[in-house]
Amino acid sequence: MATQLKSGHTAEPLSDEDSARILKDFPGQVDGLVRVQPGGWILPTPYLEMADKIYDFKFRESDVVVMTHPKCGTTWTQDLLWNMVHNPNIDNPAAEEAVNGRSPYLEVDILLMGKMKEMMLSDTSNPMLKQFAELCPGANPADGIGIQMAAATPGIRIIKSHLTFPLLPPDLLDTTKVVYVMRNPKDMCISYNHHCRMARFHDFQGNMDLFVDYLTNDELFYGPYWNHVKEGWKRRDHPRLYVLFFENLKADPVAEVRELDKFLGTDLTEEQMTKVIEHTSFDKMKARDAHFPVTEEMKKKILNQEVVQNEGGFFRKGQVGDFKNKLTPAQESKIDAWTKMNTEGMDIEFKYSI
Ligand code: A3P
């Protein structure tokens, strides 16, 4: 049955046949998927409960939203912006907390599925729940941990969302600033493949051929990738939007941070910029390994430890061009054809090496 959303979109569950196929390949996605039209957005079924609340979320003028398709440099950008705003001298003890604890993930609840939800919500030692209880005393986690934590976060908020513009409040850019982060589709594909095999809530079972098929058939969580990119790109001239390319940040962090400094109005000194860049470098973020506010024990349950040990954890490689080591020529051709089809007349160019 179709569900009408406040945003004007219609959400429909996938067909029984598609659902069974996807569940076989992604046995962690136990709650199933819906397709949201127009746009064809693929989201987990719990999104239906959150969609209108997210659409009505009250952003503040001082907010900065980090908006991305997954695996395009979200966490890096969240940490970079948070430190620019809240820790320019690298002396704020809160900087040791997990990135997604300091920088709220607006729709995190849609990822809390099935057994994982039970596990996350029943463990009172879970730092995310502790933080929730502190920030939102008396609030019910079932009403949405992400949006309630975001609402209760004081000061300048760096808010993460993988949702695209049309699913967020229509006046978002009138109200707040948005940093939209893009990454070339081949590196994103490798990173997303790793993520989907590592995270138990996806638990992808197939090989890279199958993953590339899912990607180019626009059947991955939060996709279609190109529709996501297009929604960001078409607003690129808006003064409250900053389009940040992962590849540019990697190639010349100083130049990007100078631009971001102007965009945010943080007015950092060169020394502060250098310190923040160093603090949020791949090696430093990997050493902290503080992506999500969960205990080490919980992390072991959520992440496939074999994948983590053999191929790296959340902070895997952080490079531009790693796809060259992973994709076959046939897989690259498929992504190239899909890219060509989707970028016709779009005047956008990604870097595949730096
Ligand atoms: P890889 O899997 O290619 O290593 P997201 O935060 O959107 O999920 O993106 C995750 C990707 O960003 C991963 O890419 C991760 O390693 C990379 N990343 C995270 N922090 C980074 C940093 N400080 N510098 C460079 N890449 C970083």
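## Aromatic contacts

Y242 and F263 are both buried (under 20% relative accessible area, 1.4 Å probe, protein chains only). The model is predicted: local features need pLDDT of at least 70, side-chain atom pairs count only at pLDDT 80 or more, and totals for chains, interfaces and linings use all residues. Residues are numbered from 1 along each chain as its sequence is written, and side-chain values use heavy atoms, with hydrogens and water left out.

Rings of Phe, Tyr and Trp (its six-membered ring) pair if their centres lie within 6.5 Å; planes under 30 degrees apart are stacked, over 60 edge-to-face, the rest tilted. By this rule there are 17 aromatic pairs. Two of them are tabulated.

| Pair | Centre to centre | Angle between planes | Class |
|---|---|---|---|
| F26 and F204 | 4.8 Å | 40 degrees | tilted |
| Y242 and F263 | 5.6 Å | 50 degrees | tilted |

Both pairs link distant parts of the chain. Helices (H or I, at least four residues) and strands (E, at least two) are DSSP runs, numbered from the N terminus. F26 is in the loop between α1 (16-25) and β3 (33-37). F204 is in the loop between α9 (185-198) and α10 (208-216), and the two residues are 178 residues apart. Both are buried. Y242 belongs to strand β8 (residues 241-245) and F263 to helix α13 (residues 253-264), 21 residues apart.

One aromatic cluster is formed by Y225, W226, W233, F245, W338 and F350.

Charges also meet rings. The cut-offs are NZ of Lys or CZ of Arg within 6 Å of the ring centre and within 35 degrees of the ring normal. The charged end of K177 sits over F263, 5.6 Å from the ring centre. K186 lies over the face of Y352, at 5.1 Å from the ring centre.

How values were computed
Buried means under 20% relative accessible area, exposed over 50%, partly exposed in between (1.4 Å probe, protein chains only).
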